[in-house]
Amino acid sequence: MSVVLLILKIIGWVVLGLILLIIIALFIPADALIHHEHKRFTVTLRYLFFRIKLYDSDKEKETDLPADEEIEVVKKESPAVKTAGTVRLILRLLDPASKSVARILRSLRFRKVCLVLVANGDDAAEIGIHTGRLWAYIGGAMSLVHNLWPHFTCDQLEVLPNFTGEYTGREKFSCQIRAFLFIILLSGLYVLRAFLAARRDLAREETESENDQP
């Protein structure tokens, strides 16, 4: 009997340890690393010691199929008419879903942002005008971004006037987007709870309407 109790106690401690590890892992942020330079665009996901490359434009070009190879496209027929219950369910989910998306977006942290643009033109005057326009666009975009994310900072922000052609192809963009998994999980649970409640209410309303019919 004591051996069984010892085994159960060990299993309990192991389960408790796993639960604590999962809780700690949810509070560790995950980073999405975005980089664009020299016509190459990459997106890498980093979490703890793991790095997963989600997208690489160079690899996508290498895996493109030959132009002469025929690709069979299967067309799936979509439903022509949606049921009224499905439409009502979607309408009821718009509010909780939009709140969850807004909560997730507000929780994002942008770090190590780098933006380098090149102003081109046929002559010096046109390049100067293009440079001014780019700075104006950047100023408007930055004011909007700061309203959404007050802690947004940019490590490098440049507009290079390409008078002599030396800056051709020097455009660059990179940033690190940090997300918190527990906020995403809680937002998902909030939407799931709203979905189950809306479906239950719709089922009750349909049942009541059927009972009211003579």
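This briefing covers the salt bridges of a predicted model. Local features need pLDDT of at least 70 and side-chain atom pairs count only at pLDDT 80 or more, while totals for chains, interfaces and linings use all residues. Residues are numbered from 1 along each chain as its sequence is written, and side-chain values use heavy atoms, with hydrogens and water left out. Across the whole structure, a search finds six salt bridges (a side-chain nitrogen of Lys or Arg within 4 Å of a carboxyl oxygen of Asp or Glu).

**Pairs involving Asp31**

- Asp31 and Arg46 form a salt bridge with their closest N and O atoms 3.1 Å apart.
- Arg46 lies in strand S2 (residues 40-47) and Asp31 in strand S1 (residues 30-37), so this pair ties together parts 15 residues apart in sequence; strands (E, at least two residues) are DSSP runs numbered from the N terminus.
- Arg178 also meets Asp31 in a salt bridge, at 2.8 Å from N to O.
- That pair links distant parts of the chain, since Arg178 sits in strand S6 (residues 172-179), 147 residues from Asp31 in strand S1.

**Lys53 and Asp56**

- Lys53 and Asp56 form a salt bridge, the closest N and O atoms being 3.9 Å apart.

**Accessibility**

- Buried means under 20% relative accessible area, exposed over 50%, and partly exposed in between (1.4 Å probe, protein chains only).
- Asp31 is buried at 4%, and Asp56 is buried at 4%.
- Arg46 is partly exposed at 25%, Arg178 is partly exposed at 22%, and Lys53 is partly exposed at 45%.

Notes:
Helices (H or I, at least four residues) and strands (E, at least two) are DSSP runs, numbered from the N terminus.
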